[in-house]
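Hello,

Here is the structure I promised to pass on. My notes follow below it.

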Amino acid sequence: MGKSLGDLIKKYDNVGAKAGWFSLKDDGDSATVRMLHKGQIGTEEDGSPKYDLDVFEVHKLDVDGSGKERTILCKGENCEICKAGNKSSLRMFLQMINLDEKDKEKQLQLWERGITDIKQILGIIEEYGDLNARDIKIKRSGAKGSMKTTYQYFPKDKTERELPEKQNLVGNLILDLSREDQIKAIEGRLEIKKNNNSSAGGDTDQDNSRVF
Ligand SMILES: [Zn+2]
């Protein structure tokens, strides 16, 4: 008849934890992806390059006492979470199509990286131009669980691909909180609304930290 509770938990646990996230599990593993980011999209007023990369200063915090860390946008000078002593970090969220994922429904993936890979991606843009104009093979160097894991990027020749629109992450995956909500989050008593969503068109996904 029905599935056991254990099976159900396993099923939904996997959905929450893995769906939509890019990962390479062990040393030497690789996958070929197509980024949805163009990379440089003009210049800032001061002449420095302007990018369409999703790079943000964020905090990681269990905002609702669920035991699960959420990603919250750092507000800079007036950030209550900074004031509370929680250090912000610079994170990049790469939106990509994983071409090695056989299930088409699951090809759209997200990969969160830090400063080392931000520099690598900027290097690729400088050298190759538009990030979304070619496939890129990503290879993991570092055993499972190693803190010294690094990734190598191998850009391929230019090819055309039809790509979906990049998604807006702020307000979805990355919580953008008012001062009041920041304080609630620090105290672990923020109520996460099902539709903490800046864009229209209800996100019915139960776990709103996942937009992919
Ligand atoms: Zn902050």
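Helices (H or I, at least four residues) and strands (E, at least two) are DSSP runs, numbered from the N terminus. Helix α3 itself covers residues 115-128, 14 residues in all. From first C-alpha to last it reaches 20 Å, close to the 20 Å expected at 1.5 Å a residue. That expected span is 1.5 Å times one less than the number of residues.

Before you go further: this is a predicted model, so local features need pLDDT of at least 70 and side-chain atom pairs count only at pLDDT 80 or more, while totals for chains, interfaces and linings use all residues. Residues are numbered from 1 along each chain as its sequence is written.

Confidence

pLDDT is the predictor's confidence in each residue, from 0 to 100. The protein chain has a mean of 87, and 82% of its residues reach 70 or more. Two stretches stay under 50. One is residues 14-18, with one contact beyond four places in sequence. The other is residues 195-212, with 30 such contacts. Two residues are in contact if their C-beta atoms, placed from the backbone, lie within 7 Å. Where pLDDT is low, the predicted coordinates should not be read in detail.

Overall layout

The protein chain has four helices and 10 strands. From the N terminus on, the order is α-β-β-β-β-β-α-β-β-α-β-β-β-α. Of the contacts with a separation of 6 or more, 64% join residues 24 or more positions apart. Buried residues make up 18% of the 212 in the chain. Buried means 20 or more other C-beta atoms within 10 Å of a residue's own, exposed means 12 or fewer, and partly exposed is in between, with C-beta atoms placed from the backbone.

The hairpin

Strands β2 (residues 40-43) and β3 (residues 49-51) run antiparallel, joined by two bridges. Strands pair if DSSP finds at least two bridges between them. Threonine 43 has proline 49 as its bridge partner in β3. Five residues separate the two strands of this hairpin, and in the turn glycine 47 has a positive phi of about 90°.

The cores

A nonpolar core is a set of buried Ala, Val, Leu, Ile, Met, Phe, Trp, Tyr and Cys residues joined through C-beta atoms within 7 Å. The largest has 14 residues, of which Val33, Met35, Met92, Leu94, Met96 and Ile136 touch the most other members. β1 (30-35), β6 and β8 (134-141) each supply at least two of its residues. β6 gives the largest share, five residues. Another core, of 11 residues, lies apart from it and includes Leu61, Leu73, Leu177 and Ile186.

Helix α4

In helix α4 (residues 179-186), the buried residues are Gln182, Ala185 and Ile186. Seen down the axis of α4, they fall within an arc of 100°, so they line one face of the helix. The arc is taken over the directions from the helix axis to the C-beta atoms. Their cover includes β4 (54-61), β5 (70-73) and α2. Glycine 188 follows α4, with a positive phi near 70°.

Asparagine 86

Where is asparagine 86 placed? In the loop between α2 (80-83) and β6 (89-98). Asparagine 86 is partly exposed because 16 other C-beta atoms lie within 10 Å. Leaving aside neighbours within four places in sequence, asparagine 86 contacts His59, Leu61 and Ile81. The C-alpha atoms of asparagine 86 and histidine 59 are separated by 7.1 Å, with the two residues 27 apart along the chain.

Best wishes
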